[in-house]
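Morning, everyone. I have one structure to show you today. Please take a look at it first, and then I'll walk you through.

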Amino acid sequence: MMKQLPKLKPFEAPEGYFESLPDQIFQKLEPKTDYTWVKWAAAILIFLAVGIYQFYPSSSENNLLALEEEVNLYIDSNYWTAEDLLGMSENPEAILDEILAEEMPYADLLWEDEN
């Protein structure tokens with residue numbers, strides 16, 4: 001079987017190939033660009049973002065409104081009852097007074113007239 005394979009001539013490099021090879025490789029290489037400024041810019045942006053986030057005044061009113069909406073959602077979905085909320089409160093009397101004031105805004109005027 002080996003006799004059937006054709007004999008190959010030994011490989012020879014073209015004349016001057018290895019002498020011109022380094023020049024051809026350097027021509028194909030692109031000059032490396034320096035990106036250190038991008039790293040510094042990214043670091044500065046991160047530092048500024050953290051600083052702005054840290055010192056930007058966040059409104060606690062928005063947080064309280066979101067909390068109130070969440071509590072109302074639990075109440076509307078019948079997950080919590082009014083008794084549950086009063087049980088979780090430190091001062092249930094204050095909550096009841098607020099509820100009465102919202103539902104009956106003129107009740108104070110009525111009670112004062114009777115006394």
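This is a predicted model: local features need pLDDT of at least 70, side-chain atom pairs count only at pLDDT 80 or more; totals for chains, interfaces and linings use all residues.

First, the fold. The protein chain has six helices and zero strands. Follow the sequence and you read α-α-α-α-α-α. The chain has 115 residues, and buried residues make up 1% of them. Its accessible surface comes to about 12,200 Å². Carbon and sulfur atoms account for 62% of that surface.

How much space lies in the largest pocket? About 620 Å³. There are 14 residues lining this pocket. Closest to its centre are Val-71, Asn-72, Leu-85, Ile-95 and Ile-99. Which helices supply at least two residues each to the lining? They are helix H3, residues 60–76, helix H4, residues 82–88, and helix H5, residues 92–103. Sort the lining by class, and you get eight nonpolar residues, two polar and four charged.

Now the surface. Here we have a nonpolar patch of about 730 Å². Its members are Ile-44, Leu-45, Phe-47, Leu-48, Ile-52 and Tyr-56. Pick out Tyr-56. It sits in the loop between helix H2, residues 36–55, and H3. Is Tyr-56 buried or exposed? Tyr-56 has 60% relative accessibility, and the cut-off for exposed is over 50%, so Tyr-56 counts as exposed.

Last stop, Asn-78. Find it in the loop between H3 and H4. Look at its backbone: phi is positive, about 60°, although Asn-78 is not a glycine. Why does Asn-78 count as exposed? Because its relative accessibility is 66%, and exposed means over 50%.

To recap: we have six helices and zero strands, a largest pocket of about 620 Å³, and a nonpolar surface patch that includes Tyr-56.

Terms used
Residues are numbered from 1 along each chain as its sequence is written. Side-chain values use heavy atoms; hydrogens and water are left out. On a 1 Å grid over the protein atoms alone, a cavity is a set of points where a 1.4 Å probe fits but cannot get out, and a pocket is an open set with protein on both sides within 12 Å along at least five of seven lines; lining residues have an atom within 4 Å of a point. Grid points are joined across faces, edges and corners, and a volume is the space filled by probe spheres set on the points. Helices (H or I, at least four residues) and strands (E, at least two) are DSSP runs, numbered from the N terminus. Ala, Val, Leu, Ile, Met, Phe, Trp, Tyr, Cys and Pro count as nonpolar, Asp, Glu, Lys and Arg as charged, and the others, Gly among them, as polar. Patches are made of residues with over 30% relative accessible area and no salt bridge: like charges are joined within 9 Å, nonpolar side chains (Val, Leu, Ile, Met, Phe, Trp, Tyr) within 5 Å. Accessible areas come from the Shrake-Rupley method with a 1.4 Å probe; for residues, only the protein chains shown count as cover. A salt bridge is a side-chain nitrogen of Lys or Arg within 4 Å of a carboxyl oxygen of Asp or Glu. Buried means under 20% relative accessible area, exposed over 50%, partly exposed in between (1.4 Å probe, protein chains only).
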